[in-house]
Structures are given as structure tokens and as C-alpha cells.
Amino acid sequence: MSAPGENLRINGDRLWDSIMEMARIGPGIAGGNNRQTLTDEDSEGRHLFKRWCDDAGLTMGVDQMGTMFMTRPGTDAGALPVYVGSHLDTQPTGGKYDGVLGVLAGLEIVRSLNDLGIKTRHPIVVTNWTNEEGARFAPAMLASGVFAGVHTQDYAYARQDQEGKSFGDELARIGWRGEETVGARKMHAYFEYHIEQGPILEAENKQIGVVTHGQGLWWLEFTLTGKEAHTGSTPMNMRVNAGLAMARILEMVQEVAMAHQPGAVGGVGQMKFTPNSRNVLPGAVVFTVDIRSPELSKLTSMRSQIEAKAQAICAELGVGYAMEAVGHFDPVAFDPTLVGRVRAAAEKLGYSHMDLISGAGHDACWANKVAPSTMVMCPCVGGLSHNEAEEISLQWATAGADVLFHAVLETAEIVA
């Protein structure tokens, strides 16, 4: 076995061109993408990725959650594969890089190995996980969660979008339900490359984020039941106002998160009023509170306080209350050996770097339950993500992919 030399680099221009070509599938309305999971656009993106992988000599496997596993064989038939992956699905108003960068950087590693004639002892598997975003079907990281045994496949198949369409039916409809048993594959290691989705790397003028931990998360979906009534003719003291209860809960979530500083966040990004008419008080309001922290004690405390205070708010206003936890993972500590390899690769290649805690959830959080895992991050302009204006540079993308390349090669073991 030999270590990768400093001169080994991926082809940054080819990686960038692939990202831009993928972005033409499911274009958004403001320069980004709307390629939500299990849509026709998702299927089209998968077919393009498969064509590229076929051209690179990779063999495809697809499991019953639709996750794509593209394998470059190793020289040792008994060696477990090194997995490199992320996701191709986007938010409804998503950027061109979130998830896509990690999948296509994995493909670029294979293309570069092919160009250089390098063999590895361990196979390398480039992975596209289904429904990482959770925008259409909650919770996020659904397929990797089933892979890691966190969710059952039946639970996943029964998830519904806002139109009542089920995950299982939509997966079959687009033709990407595979035959592999989910979670049957074994991993030697798992790497994921991603944009930071936050402002820290850019603010600190660092090219590489060495991800040591991931925040824990709760998604708490509240259903508040009021009484539909005319907004003009219903006296204020006779209203059962679910919208008012929601407003008070949103303010309370802000207060709870601020009381748990530093290292805690909370907010609401999705809500639905029924009947959603200008002059009708809502009969029901559904919204999801998103709370996160890298400290389990803070995460647990925030959930407890938010639930208790929300119930009290609704009781005071006479509003019906129900809550369902629709997403959760505990804080994650990534594998120290793999983290060390990422850090060493950045140093060897001369890229500025810093340790980072991921503020967002990623498939690596679930993969970490079944195999040593870690992440590499690059900056994004203004820390902006889940937005069509999301932007990175060719130089940032290339630097992170170079670091990923070296960390993966050291783990997959170059055959001299």
C-alpha cells in the first residue's frame, strides 16, 4: 500500500461541468433547482447520474428505498467497500450544490482514478441516497435512516406528501424501486462532502471544514384546532383562534432557543392554514418546529419546555392541541480516525481548514450508526443554502474534492 502523493488532484473543471449539467434538470424559477424526491425530475437526474457512472465503468445496485449504489471494484474481493455519497434531491426552492456536490465529487474521484490508472484494495461505492431533504416526505434522511435501522421500510413507504401521495407509491411510479434489501450492504467507511450551509468557513476565510460533530435535531409537528369563523363579524372575546395560538408558540420557540445559548437554534419554516382564506379564522393550523443543538441535554430541555408551554398557550385560548415528532436524531460524533485523515489531507495539500460542527442533518449522521463516518465541507457564499441563490466557487468545490479524494484513497488503500 502507498499513500497518495501531494500531486494527486481531481479534475475540478470536469466536476464543475457535471454540477452545471445536473442543474439543468428541474430548474427553479430564480437560478436554482426544484428537483424534489420521487418526482419526474428526480428520475431524470438519476438517469443522467447512471449514464455518467456507466461511462466510468461502475456497476449499479438499487435498494428497495431507491438508493443508488455505484461500485468501482477493488483488488481484494473480501474487502468491505469505502462509500462516498450524498443526495441529488433538492428543496422546492433549492440551490445547485446542496447534496449534488457530494454525489458528483464521489463520481469525480472514480473518474480521476480511472484517468490515473490507480487501483484500490477496497471497492469504492458512490451513493445517491433517496429523500435526504425531507421537503416532500418527512422526515429528512429517510432512506439512510431505513438503511441504519432507525426507521422501518413500512414506515417510510407510508410517508405522505401534502397531496396525500405516499412515498412507496411514488417510488414505484418513477421506476426506481430496487430489489436489494435495505441495509444489507456493509461498509468499511463512509465519507460525505457537502457545502457548509452556514457562514462560518467564509467568515473565517477557511477553505475546508473538518466536520467533527453534527447537531442533534427534533422536528415537532403541531396541529392546532380552532373554530372557523368570519374575521369581521366574530367578536374578539368569542374567537377560538388557532392562528393566534400559533403566533404565541412561534414567539415562545424563539425565547426558549435564546435561553439555551450558546449552541442551540429553533424556528419554524413551514405552516399550513385551513381554509387559508383572508376573512376566515383558521379551523386548523399545522406547522413544524425545528430545534437543534450539538448538546443532547440542551436538545432534550428545549423539547420539554416547548411542549409544555405550547400546551399551556393552547389551553389558555381554548384551542385544540396535538403534537407529533416527525423527525429526530441525537447529536453525532464522527469517527476520529477518519476525521484525522480529512484534517491531514487538508494540511498536506496546503488548504486552510478548521474543525466544524455541522448545523444541518446529513445522511452521514445515520451512516455513522453502522460504519465509521465523517464529512468534508466547503464554504458557501453568505452561508446561504436551501435557497435558489445558494452559491459556491469552482475553487472551493475543487479544494474540498481534493481533500475528499486523498482521505478516501488513504482509507481505500492504493495498490502499488
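Q: Why does N114 count as partly exposed?
A: The model is a predicted one. In it, N114 has a relative accessibility of 34%. Buried means under 20% and exposed means over 50%, with partly exposed in between; therefore N114 counts as partly exposed.

Q: Where does N114 lie, and which residues does N114 touch, not counting those up to four places away in sequence?
A: N114 lies in helix α3. With residues up to four places away in sequence left out, N114 touches A56 and R72. The C-alpha atoms of N114 and G57 are separated by 8.9 Å, although these residues are 57 residues apart along the chain.

Q: What is known of the backbone at G57, the residue that follows α2?
A: The phi of G57 is positive, near 85°.

Q: How do you know that the span of helix α2 is close to the expected one?
A: Helix α2 covers residues 40-55, which is 16 residues.

Q: Which residues of α2 are buried, and what covers them?
A: The buried residues are D42, S43, G45, R46, L48, F49, W52 and C53. Their cover includes α1 (12-23), β2 (68-72), α3 (100-116) and β5 (124-128).

Q: What makes α1 roughly perpendicular to α12?
A: The axes of α1 and helix α12 (residues 394-412) cross at roughly 115° and come within 9 Å. Angles of 65 to 115 degrees count as roughly perpendicular, so α1 is roughly perpendicular to α12. The crossing is right-handed. Where the two helices meet, G12, D13, L15 and W16 belong to α1, while L394, A397, T398 and A401 belong to α12.

Q: Why are β10 and β13 called edge strands?
A: Four strands form an open sheet in the order β10-β12-β8-β13, with antiparallel pairing. β10 (265-274) and β13 (320-329) each pair on one side only, and they are the edge strands. From one strand to the next, the twist averages 15°.

Q: How do you know that β8 and β13 pair?
A: Two strands pair if at least two bridges are found between them. Nine bridges join β8 (residues 216-225) to β13, and the two run antiparallel. One of the residues with a bridge partner in β13 is F222, whose partner is M323.

Q: Which helix packs on this sheet?
A: Helix α8 (residues 242-259) does, touching β8, β10 and β12 (284-293). The direction of α8 makes about 170° with that of β10.

Methods:
Residues are numbered from 1 along each chain as its sequence is written. This is a predicted model: local features need pLDDT of at least 70, side-chain atom pairs count only at pLDDT 80 or more; totals for chains, interfaces and linings use all residues. Side-chain values use heavy atoms; hydrogens and water are left out. The expected span of a helix is 1.5 Å times one less than its number of residues. Buried means under 20% relative accessible area, exposed over 50%, partly exposed in between (1.4 Å probe, protein chains only). Contact means heavy atoms within 4.5 Å. Axes are lines fitted to C-alpha atoms, for helices over the stretch in contact, and angles run from 0 to 180 degrees between N-to-C directions. Angles under 35 degrees count as roughly parallel, over 145 as roughly antiparallel, 65 to 115 as roughly perpendicular and the rest as oblique. A crossing is left-handed if the near helix is turned anticlockwise from the far one by less than a right angle, and right-handed if clockwise.
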